[in-house]
Each structure stands twice: as structure tokens, then as C-alpha cells.
Amino acid sequence: MATMTLSAADQVRRRGLRQMRSVALGLLLLAVAIYVATLHLEGGWGYVNTAAEAAMVGALADWFAVTALFRHPLGLPIPHTAIVPTRKDSLAESLEQFVTENFLSEEVVAEKMRTAEVSRRVGEWLAAGNHAERIVAEGARTVGAALPRLGDEDVTAFVRGSLLPRFVREPLSPIAGHFLQSVVEDGAHHALLELVLVEAHDWLRDNRDVVADIVGSRAPSWSPQWVDRIVIDRIHREALAWLADVRDNPSHPTRQALDRLLGQLADDLQNDPDMMGRFEAFKARMLTHPDMGSSLTAVWDAVRKALIEAINDPASTLQVRATTALQELGKRLQDDDGLRGKVDARAAEAVGYVVRTYGNEIVSIISDTIERWDGREAAARIELHVGRDLQFIRINGTVVGALVGLLIHTFSQLL
């Protein structure tokens with residue numbers, strides 16, 4: 001065997017290979033001994049002698065066949081022997097093609113993913129024991145180790161050198177318009193509007209003096225104060241009533257007008273060249289402002305500190321919610337057939353895409369690895385894995401040869 005580093009498993013394989021070689025050789029020697037012992041005996045011993053002779057022929061023929069795969073028998077450079085060392089590269093390419101066509105094809109892998117019930121198994125794993133906590137803890141540990149290494153200088157350089165220039169170049173008006181259109185169609189902005197209306201009503205109710213100062217400062221100098229107070233009270237009451245009406249009436253004309261306004265704005269951001277130009281100009285002014293980079297860096301620094309603090313606290317709301325979310329996802333993957341079907345389908349599509357796009361590169365590991373091996377090393381490695389089973393060919397050849405020789409001799413005697 002060529003010199004190479006053997007793992008513990010390889011050591012076991014080598015012992016098994018040597019044992020089976022000894023068995024095959026022992027049968028050959030047994031056939032030789034029987035042949036020699038019965039060579040000059042008469043009577044029924046002729047059958048035994050012939051069987052032993054045929055067993056030797058079968059054993060030697062199969063020994064030659066098995067040995068010729070990995071080396072030259074007896075060191076003789078016989079043509080078409082030592083097949084693995086001399087043709088390892090072409091064998092590797094054939095093996096690579098076989099794996100690609102029969103195992104790593106997109107259809108085979110996608111079908112296996114669809115029938116493997118990956119989502120159900122993942123759901124069971126997430127819902128069982130403390131697996132969700134372990135995932136969150138490992139993720140927190142990884143992120144916690146990475147965040148402090150992101151210095152402000154690195155973030156500022158990335159923002160100013162890559163992020164902001166990219167946003168300035170890319171037209172964002174169609175994206176913003178499409179996003180706003182989706183928000184309006186789904187009514188997602190209604191919750192924010194409700195919050196604004198509630199807060200505005202409460203603020204106006206509690207800050208009458210501010211309203212009085214604003215309105216009073218614009219009153220005519222000749223107007224009596226008692227008239228100003230009446231006007232201010234009326235304006236305050238009407239404003240409060242209007243806000244309450246808009247807040248409490250989902251079909252209020254003001255709400256409908258706002259929806260129409262936002263819908264028209266969304267359409268203009270996607271189709272009106274004038275609006276699109278103004279939006280892009282405003283975006284460019286904002287993003288190229290000298291303070292934009294430092295402002296984003298400051299925001300990032302605050303977010304990073306908050307994340308580090310939450311990550312380092314196992315009982316933080318962030319980790320608790322993340323753990324709960326993973327556990328709930330695990331339960332849904334077990335109970336929700338529709339969700340499982342979607343996840344399995346997406347997983348099959350993703351794996352199919354990987355195989356379709358990178359399958360050749362993945363399978364090329366076979367040929368690349370074997371091509372780096374020395375010819376004798378390749379033969380030694382392959383023989384180590386399959387040689388033990390190949391010794392059964394020698395054993396079977398010995399036994400079958402003896403039986404065939406016995407049948408031929410019997411048939412000859414009958415004739």
C-alpha cells in the first residue's frame with residue numbers, strides 16, 4: 001500500500017482487508033495441498049484432484065483480475081493492468097459524470113427534498129427541549145462577538161464610500177411609489193393614522209394655552225380680549241370635535257381624501273416624470289448632505305450599543321422574544337399543513353437552484369481531489385475501501401472453480 005496517513009477508520013479497513021486476503025490465500029494454499037496430495041492417487045480421488053486443480057485455476061485467475069485493478073501482478077508490466085493508478089483521472093471524470101447524472105440532478109434532489117418532510121422534522125426539533133434557546137444563544141454569541149469589531153470608522157467609510165453613492169445613483173422613485181401603493185392598497189397606514197389622530201387629539205385637549213397664544217398673536221389689535229377668548233374657545237372646540245370625528249369614523253371624508261392623496265402620490269412616483277425628478281432631486285440633496293454620513297453613523301452606534309446590551313443579557317426582551325418566536329414556528333411547522341407544504345416547496349426550489357447553478361462545481365470536487373493524488377496513493381485509497389469486498393471474488397473463484405472442475409470431470413467420466 002502506498003505511504004499515506006491513515007485514520008482510525010482506515011486502520012480498521014486495512015485490518016479487514018488483510019484478513020480477507022489471508023482467507024483467500026488460505027483457500028488457494030488448501031487447493032494446492034489437496035492437489036499435490038491426490039495427484040497420484042487412484043479411484044475416486046481423481047474427482048478430488050480435478051476439483052482442486054480447477055480451484056487453483058479459478059483462484060489464480062481471480063487473484064490476477066483483482067490485483068490488476070490496483071497494481072501490476074508480480075510487478076510485471078502486463079498490458080491493461082494497474083488500471084486505477086494509470087487511468088485514475090479518466091475514472092474520476094467518469095465517476096463525476098455518473099454522480100452528476102444519477103444523484104446530483106435537479107429533479108432527483110428536488111424530489112428528495114419534497115418527500116423528506118424537512119419542515120416537519122425542523123419543526124419537531126425546534127419545539128423539543130431547549131433547541132430554540134440554544135440557537136438564540138449561539139446566534140447572540142456570534143453577533144455579540146462581531147458587533148464590537150465594527151468600528152465607527154469602518155461604518156462611516158462604508159456609508160460614505162459605498163452605501164450613499166449607490167443610493168444616489170439608483171433611481172428610488174419607482175420603488176418608493178410601488179411600496180406606497182402597496183401600503184395604501186393594504187390599508188397598512190391606517191394604524192399609523194389612528195395613532196397620529198389619538199395623539200393629536202390628546203395634545204390639543206391638554207394644550208389650549210398654546211392654541212390661545214398662536215391664535216391670539218394673530219388677532220387684530222383693535223379686537224377686545226373677551227372677543228378673542230370667544231373665538232379661541234370656538235376654534236379649540238371645533239378642532240377637537242373635528243379630530244374626534246376623524247378619529248372615530250373610519251369612513252370620514254378626510255380619511256378618504258388622505259387615501260386618494262396617497263394613492264395619487266404613489267402613482268405619480270411611478271409614472272409622472274416631473275414628480276419622479278423632484279423626488280430624485282430631493283433624495284440626492286438629502287443623501288449628499290455633509291452631515292448625512294455622520295448622522296447615519298450615530299444612529300448605527302446607538303443601535304449597536306442597544307443590540308450588544310440586549311445580546312449580553314439572556315433574559316432580555318430580544319432573546320426571550322426570539323426564543324418564543326422559534327418555538328412557535330416549530331409548532332406551526334408541525335401543525336400547519338399549508339405552511340409545511342410552502343416551506344418544503346421553497347426548500348426544494350432553493351436546493352434545485354443550487355444544484356442547477358453550482359452542481360458542476362460541487363461534483364468537480366471528486367475529480368479535483370483524485371487528480372491531486374499520486375497514482376499509487378489513489379490505488380491504495382480505493383483498495384482500502386473496496387478491497388475487502390473484492391477478496392470475495394477470489395474466494396468465490398476458488399469455490400466455483402472447484403465445483404465447475406468437479407462437474408466437468410464427472411461429465412467426462414460419464415461419457
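1. Helices (H or I, at least four residues) and strands (E, at least two) are taken here as DSSP runs, numbered from the N terminus. The model is a predicted one, in which local features need pLDDT of at least 70 and side-chain atom pairs count only at pLDDT 80 or more, while totals for chains, interfaces and linings use all residues. Numbering starts from 1 along each chain as its sequence is written, and side-chain values use heavy atoms, with hydrogens and water left out.

2. Helix 4 (residues 88–102) contributes most to the lining of the largest pocket, giving four residues. A pocket is an open set of points on a 1 Å grid over the protein atoms alone where a 1.4 Å probe fits, with protein on both sides within 12 Å along at least five of seven lines; lining residues have an atom within 4 Å of a point. The lining consists of V84, K88, L91, A92, L95, I370 and I382.

3. The volume of this largest pocket is about 190 Å³, counted as the space filled by probe spheres set on grid points joined across faces, edges and corners.

4. Of the lining residues, six are nonpolar, none polar and one charged. Here Ala, Val, Leu, Ile, Met, Phe, Trp, Tyr, Cys and Pro count as nonpolar, Asp, Glu, Lys and Arg as charged, and the others, Gly among them, as polar.

5. In the loop between helix 2 (45–70) and helix 3 (83–86) lies L74. L74 is not glycine, yet its phi is positive, near 60°.

6. H80 lies in the loop between helix 2 and helix 3. Its phi is positive too, near 65°, in a residue other than glycine. H80 counts as exposed, with 76% relative accessibility.

Notes. Buried < 20%, exposed > 50% of the residue type's maximum accessible area, 1.4 Å probe, protein only.
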